[in-house]
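Hello,

Here is the structure I said I would pass on.

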Amino acid sequence: MPQDPVPALLGPLTELLETRFRDLPPSSQEMDRAAVTQVLETVVERLGDNYPYFHPLYAGQMLKPPHPVARAAYALAMTINPNNHARDGGRASSQMEIEAVAQIAAMFGWPEYLGHLTSSGTIANLEALWVAGQLGAGRIVASEQAHYTHQRISGVLKLGFSPVPADSRGRMDMDALEAELRRGGVGTVVATLGTTALGAVDPLEEILALRERYGFRLHVDAAYGGYFVLIPDVLDEPARRAFAAIGEADSIVVDPHKHGLQPYGCGCVLFRDPAVGRLYKHDSPYTYFTSKELHLGEISLECSRAGAAAVALWATQKLLPLVREGEFARGLKQGRRAALALDRKLREDSRFAPLAAGAPELDIVVWAVSHGAGPRDASQLAQKIFASCAARDLHLALVQLPRAWFAAPGSSPADEERMTCLRSVLMKPEHEEWLERIWQRFSAASADVLGSEQ
Ligand SMILES: *Cc1c(COP(=O)(O)O)cnc(C)c1O
């Protein structure tokens, strides 16, 4: 485990924070130090049963360690434990939330908006679709590669849901979307900018053109990909154009706890029209919600929320502002370059079949094993390589995708059969520097499974 800088940072700062309340008469919580230590030793023992998410050799699922400044700020806030449901519960942390969310909105080019943090991307999407459902009847439409919770959320809200097929890059198919729109009854289209499986970017400009023709509410789920709006120069043209149009959406969701270096418990929802605030509170005049003094509990589906999450986000964005040429953007670019480098290596290696339609759009790489006679073989081999990598401390992920998307032997464009593929989310800045070592371990682990003569 890397040397952890957080404990040393925290000691003197905790004391400093205590001095802010020194005028109060002393009080203390009873604690049996020995018993607490004993419990915590068991906690440490239990925590050892984890994949090493913090390490660059963990290159599997979407897991990125929070920045030390976020962890330290979160821990400091925990000595107060504010609740951002209202200013009464978290005076400083509500203000910090408002400032941090304004910076996220500015990243998407929105000086005016209504928005706040949520406990997750799922809750943020629930809120966006709840608002959408109140503003217009009609089905929710999203790509079949959209996050699985959209269908579930639609069920919770008792709104119809229609999945739209994805193309061989994992992007929403525009002909299929238009067919859905012609059928009528569509209330909201969910565009995913950065799908969870592939990091695919739905063609937002074309969806906007369809909005002109058919009229619907447009929600952008950028829980994973939102921050890539900061690095258009390293994206390919289609993704760049989609991110350039993101401000045209009616609502946007982004997860600071995915790419934003935050501990879990930090999603964010933004609405372009501040007047949607009226939907949260029936007896509030419209003007209340356009004032600068947001009352976060009055514009949130959730009641209690961790003020500490807002403090951590504020501190992180203070240190690493959300600007195009800043250090935060540089970190995103490093992961992006690592993904492209891994994709190139896979394309040069006949043992593997990366996505036939082209290179990754963000920093997620998926590939099939091209050995073996059919999809069942390829799936089994992918699983074996996954396990063989894990035995070498390299942690990848698995994903089920249509066989036709890969130039695997015997596959045809009409092949809808799914097979198990390997997947790597290269979202840590360190992944760029570690890529050669990752590749060596992966290549050796694959040779163990496939034979080394290839
Ligand atoms: C992760 C993710 C979600 C769900 O967010 P949680 O924070 O895990 O609840 C929704 N949409 C997309 C595109 C995601 O990647």
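Start with the second largest pocket: α1, α3 and α4 (91-107) each supply at least two residues of its lining. Helices are DSSP runs (H or I, at least four residues), strands likewise (E, at least two), numbered from the N terminus. A pocket, on a 1 Å grid over the protein atoms alone, is an open set of points with protein on both sides within 12 Å along at least five of seven lines; a cavity is a set where a 1.4 Å probe fits but cannot get out; lining residues have an atom within 4 Å of a point.

Before the rest, the ground rules. This is a predicted model, where local features need pLDDT of at least 70 and side-chain atom pairs count only at pLDDT 80 or more, while totals for chains, interfaces and linings use all residues. Residues are numbered from 1 along each chain as its sequence is written, and side-chain values use heavy atoms, with hydrogens and water left out.

**Second largest pocket**

Its volume is about 740 Å³. Volume here is the space filled by probe spheres set on the grid points, which are joined across faces, edges and corners. The lining has 22 residues, and Leu-17, Arg-20, Phe-21, Ile-80 and Ala-92 lie nearest the centre. α3 gives the largest share, five residues. By class, the lining has 15 nonpolar, three polar and four charged residues. Nonpolar covers Ala, Val, Leu, Ile, Met, Phe, Trp, Tyr, Cys and Pro; charged covers Asp, Glu, Lys and Arg; the others, Gly among them, are polar.

**Largest pocket**

This one has a volume of about 1300 Å³. It is lined by 35 residues, with Tyr-53, Phe-54, Pro-65, Pro-66 and Arg-71 closest to its centre. The elements that give two or more residues are α3 and α12 (327-347). α12 gives the most, six residues. The lining divides into 20 nonpolar, eight polar and seven charged residues. Where does the largest pocket lie? Domain 1 (78-319) and domain 2 (327-452) both give residues to its lining, so it lies between them. The domain bounds come from an automatic or database domain assignment.

**Cavities**

The whole structure holds three cavities of 30 Å³ or more. Of its 13 lining residues, Leu-198, Leu-355, Pro-360, Ile-364 and Val-366 are closest to the centre. Strand β9 (residues 364-369) gives the largest share, three residues. Eight lining residues are nonpolar, two polar and three charged. Domain 1 and domain 2 each contribute at least three residues to this lining.

**Two helices**

Which residues of α3 (residues 68-78) are buried? They are Ala-70, Ala-72, Ala-73, Leu-76 and Ala-77. Buried means under 20% relative accessible area (exposed is over 50%, partly exposed in between; 1.4 Å probe, protein chains only). These residues cover an arc of only 165° around the axis, which puts them on the same side of α3. The arc is taken from the directions from the helix axis to the C-beta atoms. They pack against α1 (6-19) and α11 (307-319).

In α6 (residues 149-156), the buried residues are Thr-149, His-150, Ile-153 and Ser-154. They cover an arc of only 145° around the axis, which puts them on the same side of α6. Their cover includes α5 (121-135), β2 (139-143), β3 (161-164), β4 (186-192) and β5 (217-221). Contact means heavy atoms within 4.5 Å. After α6 comes Lys-158, with a positive phi near 55°.

Best wishes
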